[in-house]
Amino acid sequence: MADCYYRGRKRFGGQTKVVYQPEGFQEQDTVMEVMELVKLLEIPEEVERKLAEYGNSRDIIISDDMTAKILRRNQWEEGLKNLQEALGDDPTGVKILWELLHIVSTYSYGEYRKRGISDEIFAATMKFCTRFLRERYHTYGDYNFVWAWWFPRQISLNEYRIGALEYEFVDGEEREIAIHIPSDADMGRESVFRSLEDFKQFRNRYFSGWADVGMTCDTWMLMPELKDMLGEGSNIAAFQKLFEIDRVDYEAMWYMGWIFPGRETIDESLPEETTLQRNLKKYLLAGKKFGVARGHLGVKESSKAV
């Protein structure tokens, strides 16, 4: 993962744009316009119009240092904070979304091309923002972008979507490959195994030094109570069998936003549109606790895939 950047300038549509590239970089169709990227990611038209308006009136210069921080795991938070302060009032998040997409178009895309990673994986990975914009509208009726804090993972080429699942290369105190489950993921057994197998090939080709690094998952989907709520034949129960549970946190409450979008309070008003919602609502109203579990991919159950 590149850590040193130099600043170049290019002309696009009559405007000079800053281009961030790793040292030693050779250019070959590696930069795209922000609005070209917006089209590729199929961002909702309402947001597209607002992004175009901001881009046309934009009069801010983002420093090299600020961008570099957003591209480094240990400085993501600081970089985003600095960026938000520089942008000022941004109630809908359209300003910070444009600026982050600008980094994607002038840096991330070039890195994908340089490394030979397919445009298909690039688009699937960066559609993270599209997915959350649509989910935001479905839940709250607006397209406010509130997930800028997560986007650096994709921008800095630390996280990729391969089929149904997302995989994050976490190079922290201890290395791990964190598996994330997108809300639109096909959790059928074949789909999950295909994703794991495709990721194995992706990892071996582009991140060979990570071949022996363990794969983990932090999610409400690994909670042991789900087997009784959904049955042994459910997709979630099948997914659980791939992992060995390391710990369970019954104090964590962030599962609410995934299972009951837009809700934070446990009460009678919780929706009952799905089997999971009905059974979990009953469980919670009985005074029982639910939460989030962390597990690691087991060798025996996952051997067919990884």
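Predicted model: local features only at pLDDT ≥ 70, side-chain atom pairs only at ≥ 80, totals over all residues.
Me: At what angle do helix 4 and helix 5 pack?
Reply: Helix 4 (residues 76-87) and helix 5 (residues 94-115) pack at about 125 degrees, with their axes 10 Å apart; axes are lines fitted to C-alpha atoms, for helices over the stretch in contact, and angles run from 0 to 180 degrees between N-to-C directions. That makes helix 4 oblique to helix 5, given that angles under 35 degrees count as roughly parallel, over 145 as roughly antiparallel, 65 to 115 as roughly perpendicular and the rest as oblique.

Me: Which residues make that contact?
Reply: Leu-80, Leu-83, Gln-84 and Leu-87 of helix 4 meet Lys-95, Ile-96, Glu-99 and Leu-100 of helix 5, where contact means heavy atoms within 4.5 Å.

Me: And how do helix 2 and helix 5 cross?
Reply: The axes of helix 2 (residues 45-57) and helix 5 come within 9 Å and cross at roughly 80 degrees, and the two helices are therefore roughly perpendicular to each other. Helix 2 contributes Val-47, Lys-50, Leu-51, Tyr-54 and Gly-55 to the contact, while helix 5 contributes Val-94, Lys-95, Leu-97, Trp-98, Glu-99 and Leu-101.

Me: What about helix 6 and helix 7, where do they touch?
Reply: The axes of helix 6 (residues 119-126) and helix 7 (residues 128-140) come within 4 Å and cross at roughly 35 degrees. Ala-124, Thr-125 and Met-126 of helix 6 are in contact with Phe-128, Cys-129 and Thr-130 of helix 7.

Me: Changing topic, how many cavities are there?
Reply: The count comes to two cavities of 30 Å³ or more, a cavity being a set of points on a 1 Å grid over the protein atoms alone where a 1.4 Å probe fits but cannot get out. The largest cavity has a volume of about 40 Å³, a volume being the space filled by probe spheres set on the points.

Me: What lines the largest one?
Reply: Its lining, meaning residues with an atom within 4 Å of a point, is Met-187, Arg-189, Val-192, Phe-193, Asn-235, Ala-238, Phe-239 and Leu-242. Helix 9 (189-206) and helix 11 (235-240) each supply at least two residues of that lining.

Key: Residues numbered from 1 in each chain as written. Heavy atoms only, no water. 1 Å grid on protein atoms, 1.4 Å probe; cavity = no way out; pocket = protein on both sides within 12 Å on 5 of 7 lines; lining within 4 Å.
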